[in-house]
Amino acid sequence: MKKIISLFFCFILSLFFLTANAQRPKWANNNSSYYTAEKGEIIQYELPNFTRNVIVDAKQLTPKGSAKALEVKDFEFSKNEKLVLIYTNSKKVWRLETRGDYWLFNTETNELRQIGKNRPESSLMFAKLAPDNNSIAYVSKHNLYIEDLNSGKETALTTDGTDRLINGTFDWAYEEEFNCRDGFRWSPDGKSIAFWQIDATKIKNFLMINNTDSIYSYTIPVEYPKAGEDPSACKIGVVNIASLQTTWMKVPGDSKQHYIPLMQWTPDGSSILVEQLNRKQNEAKLFLCDPKSGDTSPIYSEKNTSWIDILPTENEGLKWINNGKEFLWLTEKDGWKHLYKISKNGKTETLITNGKYDVIDIKAVDEKNGFVYFLASPDNATQQYLYKTALNGKGKLIKVSPANEIGTHTYRLSPDAKYAEHRFSNHKNQKIAEWVNLSTQKTIKETDHNMTASGNVEMIQITTADNVTLDGWMIKPTPFDPAKKYPVLFYVYTEPAGATVKDAAGYASTFLYDGDIAADGYIQISLDGRGTPVPKGAEWRKSIYQNIGILNTRDQAMAAKEILKWPFVDKDRIAVWGWSGGGSTTLNLLFQYPEIYKTGIAIAAVPNQLLYDNIYQERYMGLPQENKEPFIKGSPITYANKLQGNLLLIHGTGDDNVHYQGAEMLVNELVKNGKQFQMMSYPNRTHSINEGEGTTEHLSKLFTQYLKEHCPGGGR
């Protein structure tokens, strides 16, 4: 469910931040230059002067017999920077375009060759060069392959792969909820490969139906484990390249009742580090596995009364320091998301970040000078800044971001933390985009600088009768007359997978509205209550455990009650809308608090929590077979008989994430109770409801017309 949050925040963020994410710099070995793709060419920029060098031009990326250069979707240099692996012709696998074609360009010989040319078109995934650059490995059709770059010979490392027995990548649930996609890792010596195998053969199909693309309808199966259903079994194998023999790691515990969201080699290649979560996701264990025997040794464990957040396994995974003798671990076990240094054998650990603040994201480790750089915001949960502190845990918290730039900062640091691409913005639309030398704190190149405040977004705080203070943003109508009363449109999400409030440019917006909503006389407000993943400490975030649909709904309603006391708010024109988890919250607010909310627009909602996938729902609500009451109590469908206001229900019938099934169940409940409402189903559209000609425009006009009809704008 969380994927829709990032997707639609992209819609509402300004081009300033969209551009920031369009091309990620890939740092060169010297740490003082980076590579990027520009107009089909691979460019290198040398810092600090930004000397531009074309490393690979479009002509060199044009295959023989073709008049068109390859479209560079992504690229990667070999460790010696002589080979460039080009990813192109990409296709979606559920959310992201993770399968496609790969080509290899040799900068010394100017040779361009296709990798896996005997495999089906756009079927290769996660191709990676071996450490010695003599071979390349990739996944195709759920099997793992290796290709010798000298002979061109392709060898299957696994042969049992199917759409349900998955080697080297993941099933729907792992991808959606753990962000696991790339499922194999070369050993440091290049002699073996460690990989995940997901056994989804026991996972039941959920059948979506396509009624429009042929005379006869047909079903689209999705392997989808609903709450209460057993997960896919998971194990880690290590295949020896020379012998083609696979050794399975002997990770203890039932493979169907545990998850393995993280796996990586230790830097010396002697072991594989594996993180195992139990089914409830409230106990995490780290094991060192012997790649030759499969034997495992536990080195670390922690428990939580709610759930444990995982660390991302893709890219680098855990960060190793001290020549592989220690690694950095992020945990909430002391009540804040803090960084620890743990020895390889797990016998010693040192707290690095000490204080009442959360580490939002680790950005770089500068071992030479003994610092770790990370994002945090100790004083304001809607903002974020770059900080550094000593790796030995004895240093002070040092703010790196400029003191006069109040708002949200993002950074991409060089591996040695000397240079960084820095972007800043806030709700006042003040913006800076620049490259900086962090060691001197000086700007070396500025691409955008506008510190003139504009717009009418206000950052607000609302304290409820429960003594809970919610951060929020508000946009008043233009023009605004405080002597008049205006309607309020609340934008909600409120679940643990996302937040809607940030002191950043472009964050505050009703992005579906067709027209100028402020000029049409609406007050727009969004609030982050308890349970949202903001840097306010573990107690704030974990308070929603087994309370989704109850606690978060109450926080929103209690805050709305305070807002209704404002003299310029029309209590008879209160509307709310949201998407995915926000659609669920919209339904709960409309049903549970009909005295407050008069109109609701719920898009792609989960009316019944028992219908959603097990990894997400069980993480935050427990196992339904042990205690189903929280699932029922928190589900909007339970309160459908209390609907009094205006409801517009919107859903795509091809939604593989939040199934259309839930919308139909809710329709039945509303009909049974004689509740009138309106509904729009979009045939075969997914969770994002953006496929098909005219879809986005239609949805926007539908949203706008319904709001204007049932909650008209303007001061009265």
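Q: Why is D379 called exposed?
A: D379 has a relative accessible area of 77%. Exposed means over 50%, buried under 20%, and partly exposed in between, with a 1.4 Å probe and protein chains only, so D379 with its 77% counts as exposed. D379 is found in the loop between β29 (371–376) and β30 (385–390). Strands here are DSSP runs of E with at least two residues, helices are runs of H or I with at least four, and both are numbered from the N terminus.

Q: How do you know what kind of model this is, and how residues are numbered?
A: This is a predicted model, where local features need pLDDT of at least 70, side-chain atom pairs count only at pLDDT 80 or more, and totals for chains, interfaces and linings use all residues. Residues are numbered from 1 along each chain as its sequence is written, and side-chain values use heavy atoms, with hydrogens and water left out.

Q: What does the pLDDT say about the protein, and where is it below 50?
A: pLDDT is the predictor's confidence in each residue, from 0 to 100. The protein averages 94, and 96% of the residues score at least 70. Over residues 1–22 the pLDDT is below 50; this stretch has 65 contacts in the model beyond near neighbours in sequence. A contact means heavy atoms within 4.5 Å.

Q: Why is N133 called buried, and why is K141 called exposed?
A: N133 has a relative accessible area of 13%, so it falls on the buried side of the cut-off. K141 has 52%, so it counts as exposed. N133 sits in the loop between β9 (124–129) and β10 (135–140), while K141 is found in the loop between β10 and β11 (143–148).

Q: What makes the phi of N133 and of K141 worth a look?
A: Most residues other than glycine have a negative phi. For N133 phi is near 65°, a positive value, and for K141 phi is near 50°, also positive.

Q: How do you know that the span of α10 agrees with its number of residues?
A: The expected span is 1.5 Å times one less than the number of residues. Helix α10 (residues 695–710) has 16 residues and should therefore span 22 Å; its end C-alpha atoms are 22 Å apart, which agrees. Among its buried residues are L699, F703 and Y706, and what covers the buried residues of α10 includes β38 and β40 (569–579).

Q: What makes β25 and β26 a pair?
A: Two strands pair if DSSP finds at least two bridges between them. Strand β25 (residues 326–331) and strand β26 (residues 338–343) have 6 bridges, in the antiparallel sense. F327 has I342 in β26 as its bridge partner.

Q: Which residues touch the most other members of the largest nonpolar core?
A: A nonpolar core is a set of buried Ala, Val, Leu, Ile, Met, Phe, Trp, Tyr and Cys residues joined through side-chain atoms within 4.5 Å. Of the 46 residues in the largest one, F490, I525, L527, F591 and Y597 touch the most other members. A second, separate core of 45 residues includes V222, F287, C289 and Y493.
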